[in-house]
Structures are given as structure tokens and as C-alpha cells.
Amino acid sequence: PETVDPRRPVQCFGKEASNQNRQLVNGKMVLLTVDITEQDKYQRWLRYVYLPQPDGSWLFVNDYLVRAGYAYSYPYPPDVRFDAKFKEAEKEAREGNLGLWSKCGKGS
């Protein structure tokens with residue numbers, strides 16, 4: 001959900017989503033990967049974010065945020081490498097009534 005668009009009010013669950021993302025990655029070393037495009041039309045950097053875990057695995061932050069109901073699956077063609085994965089994550093969050101899906105009705 002958007003929180004900084006000057007043309008709109010903060011969207012439902014936007015502050016919670018922003019806080020969760022900040023809690024996950026702020027001040028931590030992460031791995032950033034690019035799909036095709038460097039930036040979107042608003043000049044925001046487009047990256048997949050991975051956070052190393054103590055057991056040596058990597059948390060795919062983008063997927064986690066969608067799967068836990070903190071974000072929508074929002075494809076930005078041509079950057080669609082994980083589109084199917086994110087759609088499935090969103091379906092799980094919606095069906096589980098997680099995060100924004102429990103607080104914002106249909107996620108609006």
C-alpha cells in the first residue's frame with residue numbers, strides 16, 4: 001500500500017506495511033537483484049530484496065511481504081520474473097485473511 005504518494009492519502013495498512021518492511025531490513029545488509037528495469041515511472045528503484053538468515057538461508061523479502069499480507073502482488077512489466085510466485089503468495093494471504101486482507105476488506 002502507498003504511503004508517500006502526494007496525490008493520495010496513505011492507503012489502508014500502509015503504515016503497518018512500511019513499518020514491517022523497515023523492521024525487516026533497516027540497517028541490515030541485504031542482497032539486491034534487478035529484473036529488467038532499473039526504475040519505475042516515478043523514479044523508484046525496482047529491486048528484489050534478499051535478507052540473509054542465521055541458518056544460512058535467504059529470506060525473499062518481496063515474497064514475504066506479499067505472503068504475510070503486507071503488500072499486493074503488483075506486476076510491473078517487463079519486470080515479471082516472479083509474477084506467478086507473487087500472485088500465489090497474494091492468494092494465500094487473501095485466503096488466510098492476513099494483514100491488509102483482514103483490515104482493508106478486499107485490499108482497497
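This is a predicted model: local features need pLDDT of at least 70, side-chain atom pairs count only at pLDDT 80 or more; totals for chains, interfaces and linings use all residues.
Local features were taken at pLDDT of at least 70 and side-chain atom pairs at pLDDT 80 or more, whereas totals for chains, interfaces and linings use all residues. Residues are numbered from 1 along each chain as its sequence is written, and side-chain values use heavy atoms, with hydrogens and water left out.

The structure holds 1 disulfide, a term that denotes a pair of cysteine sulfur atoms within 2.5 Å. Its partners are cysteine 12 and cysteine 104, with sulfur atoms 1.9 Å apart. The pair joins distant parts of the chain, 92 residues apart, since cysteine 12 precedes helix 1 (14-25) and cysteine 104 follows helix 4 (100-103); helices are DSSP runs of H or I with at least four residues, strands runs of E with at least two, both numbered from the N terminus. The torsion about the S-S bond is about -90°, so the disulfide is left-handed. Cysteine 104 is buried at 8% relative accessible area, while cysteine 12 is partly exposed at 30% (buried is under 20%, exposed over 50%, partly exposed in between, with a 1.4 Å probe and protein chains only).

Phenylalanine 13 touches, among others, Tyr70, Leu100 and Cys104, not counting residues up to four places away in sequence, where contact means heavy atoms within 4.5 Å. Phe13 is also among the residues with the most contacts inside the largest nonpolar core, which has 16 residues; such a core is a set of buried Ala, Val, Leu, Ile, Met, Phe, Trp, Tyr and Cys residues joined through side-chain atoms within 4.5 Å. Helix 2 gives the most to this core, with 3 residues.
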